[in-house]
Amino acid sequence: MYATSYHRASSVEDAVRLRARNEEGRYLSGGMTLISTMKQRLAAPSDLIDLRHIPALRGISIDGRKVTIGAATPHADVAASRELRALCPAICELAGHIGDPHVRHMGTIGGSIANNDPAADYPAAVLGLGATVATDRRSIAADAFFTGLFEIALEEGEMVTAVTFEAPEKAGYAKFNNPASRFAMTGVFVAKTASGVRVAVTGAGSDGVFRHAGFEQALASNWSADALNGVSVDASRLLSDLHANAEYRANLVKVMAKRAVAAAG
Amino acid sequence: MGVEGIGARVTRKEDKRFLTGKGRYTDDMIVPGMKYAYFIRSPHAHATIRSIDASAAKAMPGVIDVLDGKQLQADGIGNLICGWMIHSKDGSPMKMGAWRPLAAETVRYVGDAVAIVVADSAGEARDAAEAVVIDYEQLPAVTEAVAALAAGAPQIHPEATDNLIFDWQLGDPEATDRAIASAAHVTEIEIHNNRLSPNPMEPRATLGIYDSAEDHYTCYTTSQNPHVARLVMSAFYNVAPENKLRVIAPDVGGGFGSKIYIYPEEIVCLWASKKTGVPVKWTSDRTEAFLTDAHGRDHVSKVKMAFDADNRITALKVDTIANLGAYMSLFSSAVPTYLYATLLSGQYAIPAIHANVRTVYTNTVPVDAYRGAGRPEATYLLERTIETAARELGVSPAELRRKNFIRTFPYQTPVIMNYDAGDYEASLNAAMQAADWSGFAARKAQSEAKGKKRGIGMSCYIEACGIAPSAAVGSLGAGVGLWESAEVRVNAVGTIEVLTGSHSHGQGHETTFAQIIAGRLGVPIESVNIVHGDTDKVQMGMGTYGSRSGAVGMSAVVKALDKVEAKAKKIAAHLMEADEQDIVIENGEVKVAGTDKALPWFQVALAAYTAHNLPAGMEPGLKETAFYDPANFTFPAGCYIAEVEIDPETGETDIVQFVAADDFGNIINPMIVEGQVHGGLAQGIGQALLENVQYDESGQLLTASFMDYAMPRADDLPSFKLSHQNTPCPNNPLGIKGCGEAGAIGSPPALINAITDAIGNNSLTMPATPMKVWQALHAAH
């Protein structure tokens, strides 16, 4: 790791100010990817501005069916929230299977979606739920937030403050682990929301998380795993790597989608 | 016997320190003035070094010096060697290319060490390394052994034409070919044994300390055999004469073979310590371990197994190509030859066997012994082949094996080994019973009812442990003898130190070796300390590998203990005015049999040291040394059964049961033996389902971290069902065989046999990842 200066931000304003002062600085919200990358000397931020200790960014609030998860809320808190589980168990299940216990107590939802690893779990939930990403300056719809591999719609210095969504009527998540890293080799989040059925796929797309229109249409007319039988998955848009080629991933996308529907009930 | 003697489940004495973080590993060693090394490694798989410019790096903060291979050569430091000479079948010696501790002209794999930066901190050393400018001219590279032999392949060493190191054979080619020609059935199969990275929990590390006042070197290192390291560094690398070099291997966190060898880093840090005048420490990180620790396996073989009309095996013919990587590591030549082809008879009476082995250079990490070393390759080949034959012949795989078992001992195989004892059917029966083999069909039907594919597979392995009779291995090309030493040192108060040339790096020697003493003398196990791993403390020894510490190391302890007891009896007889023949030692007392005369053990020890009243002419003291040279290998054997359930939608394999029935001979500590079997099974299952070293075409290592190299985790493994059969080894005093490698040797074929049984497609290579199983399943249907 190259030398870096660590700052523990006390508020959102403090964080934005620190970030503005340090052109080569980075926000840190768990560091589950950033710290490893720095240890390998593949990233060299001059300053790290830690968001995990900003009280306003932590916690889950529920207002009717509207759910707000603070950006610095660790996965373990999401997994353990009884109130959230009563409204949307799928996101609790998803959070409870990210990484290992260490990761779940350090990693945060804001850190995960701001990094937008193509194999991360949370992007599938945020996109699948049609959530809104709140930042220090605006709100961004999930459909506009994820723009490519490790790419998101944030401006320089902008930070995620919360993720908000309406609890879906039904939702489910199924993932197939990469045997080595245990990241999602394919993960599919399905949700029946007020604005329609949404299906988001992570771990498989060559441009990162994506929605599957064919699955959404099929499930909109018939919410059942069998409804997906005749729908094809285009392998040409999928990743090929050491562990899974695009053809196998295309199979997994369909199998996991069906299992997600079954899990959603 | 006794609660702490042979056969007792004594909890491990060493675990308190390991489990409370008090272990002392090489990286824990801090000495005054110590500095840190960073090795600059080749980013290319094959290149010539045009120039190295370290001027900017030397001026950076904290940097003591930057040293390169030309300086190393100028100081007369020698090349790394392979210590086992193999001759090709045309009589020519193996073609050993030069392996310089720091490459001076050519780099041959990604990770080949080129230069070293010594600095005040590890971070400053690494910073400065980035400022060293090395101009490489890239050369074409080859990573696969078969491709390296092909015409037009890049040439890696000038000494080895067509990258061929040796073309060796064992057995009778004519008799084998004749038997195949007249066979009723011949099974042919191509077998791939995947390349593995050992991944001990503790990465390699070394601390080189040069003392200019004494012209003496101390080397702390993560070694399985510190005396061998000292010998090789003295005799071949010109680091220092043995009396001026102390090698200490303190607590070592796993080795699995990878810490047998002497690597460039030990040599370079010792040399750099003299060069810079400061102690120099290096600790590998995990990616460096993937890039530089000797890999294992990597064989491609063509096999023919011939049967007569009664399904008896009449011949086995094997043609193997083994990838040895960019350089010949210390024991690399022995692994695919005398540790492999000699086990190709397995548990079966096969009248004619012929094995041809070609070893090949490639632009990859050197390949050497890894848990099992040759025997897993032989077992996988044989047990996949016989399973395939059973399917082709339409007979039960268990019955085909049973029909061909060796049943009389000693048994001379056509491939050197002389099996001393065994009862293969006992293990087969025990395993089949434990697995409820006969109930499989019903379980398969249940799986099918829920849309799953179920399969069952077995593997009957044999291996050779306790390497080995020195004269025998010497005649086969070994550069060393493979005996072991022990000193049993009784203190004046009766407590005991055992100095052993074996080295414990996870095996639990501090417990099991102490059990031998505690059991024999009837003294508390706490009164026995095991000393190992320091060439200044312990007499010459050969170290730990090949499951030899029990069969060879403990036998040396027994021999030394025999001498100690004999002397103690003489002293006791003198003190109690009894006949020496009537003296017995038990329960911590030295007694006159059949009387109430007895002396506490400590009193005899004290008498030996006060020397006030010893038999006439007897030397004072109570301390004896023994060197034990085994009469033969030992031959653990057993039967493993795997039962799997496959999810046809994803290709995922669930191991629903795994049964291991092992014959290790007598067992010192069943708990530790079970732990060894569990660990071996985890590694074997890792090889079968998960682990695979992969390079890209340019020679870049794609699996250089745990993000891409799949290590088995606890939840990948079932709860194992173990049992032990016991035919004591007749050739060593304890009747023990060795248990460290069996799990890794026997399990891969059992699993692949089970998976291929489930999916109905025999074309499946390890690791059987979900994708490969899914592909094979869909290819079959």
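On chain A, the face of H10(A) turned away from its buried side carries two exposed residues, A:Ala213 and A:Ser221. Exposed here is a count: 12 or fewer other C-beta atoms within 10 Å of the residue's own, whereas buried needs 20 or more and partly exposed is in between, with C-beta atoms placed from the backbone. Helices are DSSP runs of H or I of at least four residues, strands are E runs of at least two, and both are numbered from the N terminus.

Before going on, a word on the source: this is a predicted model, local features need pLDDT of at least 70, side-chain atom pairs count only at pLDDT 80 or more, and totals for chains, interfaces and linings use all residues. Residues are numbered from 1 along each chain as its sequence is written, and chains are lettered from A and ligands numbered from 1 in the order in which they are written.

Back to helix H10 of chain A, residues 213-221, where A:Phe215, A:Ala218 and A:Leu219 are buried. Viewed down the axis of H10(A), the buried residues fall within an arc of 95°, so they line one face of the helix. The arc is taken over the directions from the helix axis to the C-beta atoms. What do the buried residues of H10(A) pack against? Their partners in chain A are strand E12 (184-193), strand E13 (196-202) and helix H11 (246-264). Contact between two residues means that their C-beta atoms, placed from the backbone, lie within 7 Å.

Still on chain A, A:Arg182 is in the loop between strand E11 (170-177) and E12. A:Arg182 has a positive phi of about 65° although it is not a glycine. With 19 other C-beta atoms within 10 Å, A:Arg182 is partly exposed.

Now the interface. On the chain B side 13 residues are in contact with 12 residues of chain A. By class, the side of chain B that touches chain A has eight nonpolar, three polar and two charged residues. The nonpolar class is Ala, Val, Leu, Ile, Met, Phe, Trp, Tyr, Cys and Pro; the charged class is Asp, Glu, Lys and Arg; the others, Gly among them, are polar.

Next, helix packing within chain B. Helix H10 (residues 375-393) and helix H19 (residues 742-759) of chain B have axes that come within 8 Å and cross at roughly 30°. That makes H10(B) roughly parallel to H19(B). The cut-offs are under 35 degrees for roughly parallel, over 145 for roughly antiparallel, 65 to 115 for roughly perpendicular, and oblique for the rest. Axes are lines fitted to C-alpha atoms, for helices over the stretch in contact, and angles run from 0 to 180 degrees between N-to-C directions. H10(B) and H19(B) cross in the right-handed sense; right-handed means that the near helix is turned clockwise from the far one by less than a right angle, and left-handed anticlockwise. The contact of H10(B) with H19(B) divides into seven nonpolar, three polar and four charged residues. Among those on H10(B) are B:Arg375, B:Tyr380 and B:Glu383, and H19(B) contributes residues including B:Ile745, B:Pro748 and B:Asn753.

The axes of H10(B) and helix H11 (residues 397-404) of chain B come within 9 Å and cross at roughly 115°. H10(B) is therefore roughly perpendicular to H11(B). From H10(B), the contact uses B:Ile386, B:Glu387, B:Ala389, B:Ala390 and B:Leu393, and from H11(B) it uses B:Pro397, B:Leu400 and B:Arg401. Six of these residues are nonpolar, none polar and two charged.

Two cis peptide bonds come next. One runs from B:Phe409 to B:Pro410, with omega near -5°, and B:Pro410 is in the loop between H11 and strand E16 (411-412) of chain B. Another joins B:Ile467 and B:Ala468, with omega about -10°. B:Ala468 lies in the loop between strand E18 (453-462) and helix H14 (470-475) of chain B.

Last, some loop residues of chain B. B:Phe256, between strand E11 (245-248) and helix H8 (264-276), has a positive phi of about 55° although it is not a glycine. B:Phe256 is buried, with 28 other C-beta atoms within 10 Å. Is B:Met542 buried or exposed? B:Met542 counts as buried, with 25 C-beta neighbours inside 10 Å. The loop that holds B:Met542 is between strand E21 (528-531) and helix H16 (549-575) of chain B. By contrast, B:Ala714 counts as exposed, with 6 C-beta neighbours inside 10 Å.
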